[in-house]
Amino acid sequence: MVVREKILDMVVGCFKRHGAKRLDTPAFELKEMLTEKYGEDSGLIYDLKDQGGELLSLRYDLTVPFARYLAMNKVKKMKRYHVGKVWRRESPTIVQGRYREFCQCDFDIAGQFDPMIPDAECLKIMCEILSGLQLGDFIIKVNDRRVLDGMFAVCGVPESKFHAICSSIDKLDKISWKDVRHEMVAKKGLAPEVADRIGDYVQCHGGVSLIEQMFQDPRLSQNKQALDGLGDLKLLFEYLTLFGIAEKISFDLSLARGLDYYTGVIYEAVLLQTPAQAQESFNVGSVAAGGRYDKLVGMFDPKGHKVPCVGLSIGVERIFSIVEQRMKTFGQKIRTTETQVFVATPQKNFLHERLKLIAELWDAGIKAELLYKNNPKLLTQLHYCEDMGIPLVVIIGEQEMKEGIIKLRSVASREEVAIKRENLVAEIQKRLSES
Amino acid sequence: MAERAALEELVRLQGERVRGLKQQKASAEQIEEEVAKLLKLKAQLGPDEGKQKFVLKTPKGTRDYSPRQMAIREKVFDVIISCFKRHGAEVIDTPVFELKETLTGKYGEDSKLIYDLKDQGGELLSLRYDLTVPFARYLAMNKLTNIKRYHIAKVYRRDNPAMTRGRYREFYQCDFDIAGQFDPMIPDAECLKIMCEILSSLQIGDFLVKVNDRRILDGMFAICGVPDSKFRTICSSVDKLDKVSWEEVKNEMVGEKGLTPEVADHIGDYVQQHGGVSLVEQLLQDPKLSQNKQALEGLEDLKLLFEYLTLFGIADKISFDLSLARGLDYYTGVIYEAVLLQTPVQPGEEPLGVGSVAAGGRYDGLALEEKVRTTETQVLVASAQKRLLEERLKLVSELWDAGIKAELLYKKNPKLLNQLQYCEEAGIPLVAIIGEQELKDGVIKLRSVASREEVDVRREDLVEEIKRRTSPALCIC
């Protein structure tokens with residue numbers, strides 16, 4: 001939990017630095033709110049039993065509740081973050097590290113603004129977080145729904161097969177082009193020539209020069225949708241350069257993203273593995289993703305009023321397992337409490353003095369503990385400090401009481417000094433601020 | 001696709017025409033004619049178009065937390081959590097649902113209020129009803145005997161909101177528990193110390209912590225002559241003494257619950273008493289009560305407790321109150337409840353307890369008067385002229401990279417006035433203004449929103465200056 005807390009603090013700290021407000025929504029929604037929002041994934045939603053009241057389902061993500069919130073409160077502009085659990089009835093054995101209950105950290109900007117500035121900020125945030133967590137090198141793949149759709153159109157994919165072909169393309173980060181092509185032709189009924197044309201495109205990735213190249217592409221440049229997407233991507237890259245993160249971004253034509261509701265730019269961050277890690281095949285997939293979804297709020301609004309949105313989601317569970325794994329590998333010890341000082345005595349019948357002393361420390365805001373024993377042995381108390389990683393001990397006994405002092409001991413170095421009782425709090429605070 | 005879009009456009013235009021005619025108060029026939037056209041066009045779109053199939057709401061008994069509510073909630077949780085940490089508690093979390101069988105049989109009559117998940121072919125699950133049963137399950141599963149833990153999370157109860165006003169079906173519980181065999185009353189005293197620290201820090205007014213003991217209550221009922229079988233029901237009558245008078249409680253016990261008036265009077269002698277450690281001493285001397293082994297045990301423990309509370313410096317906030325009886329089902333020893341106090345109308349009267357602050361949950365009703373900011377942004381990056389978006393983007397990126405909380409408006413050419421207004425509304429204390437002249441001179445104008453004072457700061461010194469101004473020690477925005 002402590003590792004988790006640290007990671008969440010870091011993520012939330014970044015969201016706050018960018019001026020986001022926090023929102024919370026209930027764990028479940030009316031079933032009808034969630035219907036038809038997730039396409040093929042709808043079968044993975046947890047329903048609550050019909051107990052005579054409203055039909056309810058556990059939320060599947062934080063985006064649809066956000067759209068519902070915006071429509072319900074007629075909000076036109078909002079920059080919000082939401083940290084919360086979501087629930088999906090996925091099979092935990094199939095996808096490694098996938099749980100049925102997991103935490104999502106979402107950041108979204110809703111509202112009509114000048115193009116691509118909010119989108120660029122989302123990518124900036126992703127970079128700040130992933131760098132700040134020190135998970136190693138990463139890359140953010142970027143694409144655009146319109147570029148994808150346009151590409152399918154010019155390659156000759158029938159419109160009715162767009163979604164199906166999209167989900168095949170999406171698998172390119174896990175399986176080879178050969179296997180994907182086979183699936184499209186053999187299972188999804190695509191003509192081989194069409195598949196090959198798609199292949200020419202989706203194996204491309206690069207920086208802003210690739211965008212320029214696509215602008216010049218004879219087929220793609222005939223498609224208005226694709227041109228719109230490319231135009232936005234070009235503008236996006238300009239802003240990303242000003243933000244100093246362009247080298248972390250890759251325009252990748254194979255990026256397709258699962259969810260139905262994306263309408264524009266889409267992105268996904270993946271960690272780049274060292275060869276050693278790749279050998280262990282500890283591949284956790286993407287650690288953050290998101291995109292633009294301009295039509296979702298309109299689906300909730302009674303009059304169909306649109307509120308354009310763009311956002312991102314940080315996959316903290318995956319990050320958490322990586323960090324945990326890393327800590328195990330390096331044998332790092334994690335403290336589960338934040339206690340700074342332990343109050344001990346070698347003497348019998350000194351409970352009252354310990355209680356008085358610890359109350360002084362608590363009242364001064366110092367994190368302190370004592371054993372719940374009337375007459376604990378000193379060795380037991382010191383062992384406790386070592387086990388729990390508590391850095392300081394204050395020791396009182398009869399002799400010290402007579403002299404009006406307390407012994408302050410460093411658990412690590414075992415050095416002891418005598419401090420006057422009235423100076424104790426100040427001395428402890430000084431030491432704690434120095435460490 | 002294009003046809004549909006064109007059709008939608010026609011519908012929109014026709015709708016506007018109708019609205020326009022109504023505004024101009026055109027003739028009824030004309031309006032009717034145009035409305036008919038509109039309906040025909042809509043019909044072409046499809047029968048369900050534009051019609052909402054559902055009501056836009058959160059489920060019954062639940063609500064969203066707006067940013068303002070979240071900001072208040074975070075402040076409260078920060079106080080509570082830092083107190084728990086100060087006392088060396090670990091934090092755990094458990095899943096929102098448990099196996100149905102884990103929760104079965106634990107809540108008595110309340111079991112019907114548990115939310116079940118639909119049987120979708122896997123394990124049968126239910127949403128957690130509190131945090132205590134999951135805690136017990138966690139201890140058993142991990143074979144733990146000693147732990148000091150806190151757990152803050154939402155729980156779910158299918159209460160009928162009509163019967164219990166203001167009751168939510170999804171709400172927070174904030175549990176702190178110490179599990180393990182220890183020397184008596186030290187952990188108990190620490191719990192009370194924690195309660196006092198939290199309530200003082202939250203600054204919600206004066207409060208009092210009532211303390212009693214299950215064994216004292218049971219012993220007292222026994223020596224007063226209450227039949228064993230009536231213990232629970234008499235208990236819940238006594239529990240009402242904080243809301244209604246003794247006369248009413250006595251009437252209920254005698255009139256509705258079949259107690260003899262003499263027995264009721266005996267109870268009355270005791271339960272109307274409250275006080276400090278001197279009351280404990282007094283009862284230890286009580287001829288009847290001191291004959292009851294249970295009651296004696298309870299009293300001795302309370303005496304020890306008061307010793308520790310005195311050493312902790314909080315004895316003046318604690319009241320031994322013989323009428324405290326709540327939630328007695330699973331408590332076995334000391335019980336306590338903190339109430340907020342209202343200052344008395346008549347001087348010399350005792351303060352009235354007006355609301356209990358209970359674990360499990362009521363964070364509502366905490367009204368902080370200060371203006372609550374929903375963001376923590378420290379600086380807005382603004383521009384005074386047009387075509388300075390690039391400069392704003394570069395500057396805001398510098399600030400973010402330096403860990404400063406900053407924002408900019410998502411407009412290429414925003415007006416300065418709008419940017420300043422935005423700061424005032426959002427409570428952002430500083431503005432960094434980029435202007436053409438300043439760019440040439442290599443400076444940024446740093447402006448305090450509150451005082452409206454502006455200074456020119458060299459670009460390379462800006463980050464440091466902002467940090468200096470926003471540091472908690474100084475905070476001279």
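Gln173(B) is buried, its relative accessible area being 8%, where buried stands for under 20% relative accessible area, exposed for over 50% and partly exposed for what lies in between, with a 1.4 Å probe and protein chains only. The model is a predicted one, in which local features need pLDDT of at least 70 and side-chain atom pairs count only at pLDDT 80 or more, while totals for chains, interfaces and linings use all residues. Residues are numbered from 1 along each chain as its sequence is written, chains are lettered from A and ligands numbered from 1 in the order in which they are written, and side-chain values use heavy atoms, with hydrogens and water left out.

Gln173(B) belongs to strand E5 of chain B; helices (H or I, at least four residues) and strands (E, at least two) are DSSP runs, numbered from the N terminus. A polar atom of the Gln173(B) side chain lies 3.3 Å from the backbone nitrogen of Leu131(B), which is a polar contact, a pair of N or O atoms within 3.5 Å; within protein, one of the two must be able to donate a hydrogen and the other to accept it, and residues adjacent in sequence count only if both atoms are side-chain atoms.

Arg157(B) counts as buried because its relative accessibility is 17%. Leaving aside neighbours within four places in sequence, Arg157(B) is in contact with Leu113(B), Tyr115(B), Tyr129(B), Asp130(B), Tyr168(B), Arg169(B), Phe171(B) and Gln173(B), contact meaning heavy atoms within 4.5 Å.

Gln104(A) is found in strand E5 (residues 101-110) of chain A and is buried, with a relative accessible area of 10%. Beyond its neighbours within four places in sequence, Gln104(A) touches several residues, including Asp61(A), Leu62(A) and Arg88(A). Tyr262(A), in the loop between strand E8 (249-252) and strand E9 (265-271) of chain A, is buried with a relative accessible area of 9%, and among its contacts outside four places in sequence are Arg145(A), Arg257(A) and Tyr293(A).

Further along chain A, five strands form an open sheet of mixed pairing in the order E13-E12-E14-E15-E16, two strands being paired if DSSP finds at least two bridges between them. Strand E13 (368-369) and strand E16 (416-420) stand at the edges with a single partner strand each, so one side of each is left without a neighbour in the sheet. Strand E12 (residues 341-344) runs parallel to strand E14 (residues 392-395), and four bridges join the two; in E14(A), Ile395(A) is the bridge partner of Ala344(A). Helix H14 (residues 351-363) of chain A packs on this sheet, touching E12, E13, E14 and strand E15 (405-410), and its direction makes about 160° with that of E12(A); axes are lines fitted to C-alpha atoms, for helices over the stretch in contact, and angles run from 0 to 180 degrees between N-to-C directions.

The loop between E12 and H14 of chain A holds Asn349(A), which has a positive phi of about 55° although it is not a glycine. Most residues other than glycine have a negative phi. Asn349(A) counts as exposed, at 65% relative accessibility.

The two chains meet in an interface where 79 residues of chain B are in contact with 78 residues of chain A. About 7100 Å² is buried between them, of which carbon and sulfur atoms give 59%; buried area is the accessible area (1.4 Å probe) that two parts lose on being put together, summed over both. On the chain B side, Leu56(B), Trp400(B) and Tyr410(B) lose the most area to chain A, together 12% of what that side buries.
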